[in-house]
Structures are given as C-alpha cells and as structure tokens.
Amino acid sequence: MEPLTKRSIQLLKMLYKKGKATNTYTLRVKQDELASQLDISRQALNVHLHKLKNHGYIRTGRGFIDVTEKGLSALGISTTPAFILIKVSPFKRIHVYEELRELQVSRAFRIAGEVDGLIIVERENLDEVLKKLYAIDGIEDTRSYVTIEVIK
C-alpha cells in the first residue's frame, strides 16, 4: 500500500468528518454484462440507469453501481438494521463461525466481551436469520435489537 501524504490524510479526515454514513449496496459489473443479464440492449440499460440516478435511487461510477438508501426504501427494504448478539459455546466456536460465514446477512463479526459474535441483518430478515441461528449447534444464546432511526 502506498504511503499517504499529510495532505491526503487531511483530505481523508475531512471527508470522513463531513461525510454521512449511508447504507448502500454496491455492484461491480460492466454495463454490457448487466444488460445481457436483463436481456436488454446496453442503450436501454443506460436509459433506465439514467432515470434511476436522476431520482436518487442509484449512484454510478466507473465499474460500479450503488443502490442508495432511497433505492432500498423504494424496494421496501429497511435502512435501519437489526443487530443480533450471539453467545457461543467455547468448544464449538470454530464450527459456529464457519456456519455464520454461510448466512445471508449484511455483516457478521467475531467480537470480544460478554458475547462472541455480532450479526447485522436487515430488519425484514431478522426472523429468518434467527431461525437459522437456532439450528446451529454451539450457539448458547442470542439477543436481538432492532433500530428505530438513524441519529447520526
């Protein structure tokens, strides 16, 4: 990794401090491939992408498309996640962490403290993920927390 200059670090800090944390889904795909997957021409895809971008549902750049919070809301997907704290049997940790890697969740972390894991899921998927967690041998306890709103 290339070392950063003082000016680069200053810029990164400013962007971080002035920036807003957002919930996006990023797709790295060439437009030809995406058009092919949708079975439409690239020109037709560009028309649709342009409309979505103008309405704030997506952001695009060279080689990526982000679905924004507004886009997620339009799909009925909550932008306020749920958190699941997991207590794992010390003798089953390796097995449990392997199983957690297979779950369809936003993020999963191994953590230190009173609990052993933290999973971030979309609220809409909370029940489904909890059912899968209950089936994993070695999970001793779970605690779920649902966010109400983003404060900052």
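**Sheet pairing and helix packing**

Trainee: What makes E4 and E7 paired strands?

Mentor: Strand E4 (residues 82–88) and E7 are joined in the antiparallel sense over 7 bridges. DSSP has to find at least two bridges between two strands for them to pair, so E4 and E7 qualify. This is a predicted model, in which local features need pLDDT of at least 70 and side-chain atom pairs count only at pLDDT 80 or more, while totals for chains, interfaces and linings use all residues. Residues are numbered from 1 along each chain as its sequence is written, and side-chain values use heavy atoms, without hydrogens and water.

Trainee: Which residues in E7 are bridge partners of valine 88 and alanine 82?

Mentor: Valine 88 has isoleucine 139 as its partner in E7, and alanine 82 has valine 146. Alanine 82 also has a bridge partner in E6, valine 121. E4 and E6 pair in the antiparallel sense too, over 5 bridges.

Trainee: Why are E5 and E7 called edge strands?

Mentor: The open sheet has 4 strands in the order E5-E6-E4-E7, with antiparallel pairing. Strand E5 (107–110) and strand E7 (139–146) each have a single partner strand, so one side of each lacks a neighbour in the sheet. From one strand to the next, the twist averages 15°. A strand here is a DSSP run of E of at least two residues, a helix one of H or I of at least four, both numbered from the N terminus.

Trainee: How do you know that E4 is mostly covered?

Mentor: Of the 7 residues in E4, 5 are buried, meaning under 20% relative accessible area with a 1.4 Å probe, protein chains only.

Trainee: Which helices lie on the sheet?

Mentor: Helix H5 (residues 93–101) lies across E4, E5, strand E6 (117–121) and E7, at about 155° to E4. Helix H6 (residues 126–134) touches E4, E6 and E7, and its direction makes about 170° with that of E7. Angles run from 0 to 180 degrees between N-to-C directions, and axes are lines fitted to C-alpha atoms, for helices over the stretch in contact. Contact means heavy atoms within 4.5 Å.

Key. Buried < 20%, exposed > 50% of the residue type's maximum accessible area, 1.4 Å probe, protein only.
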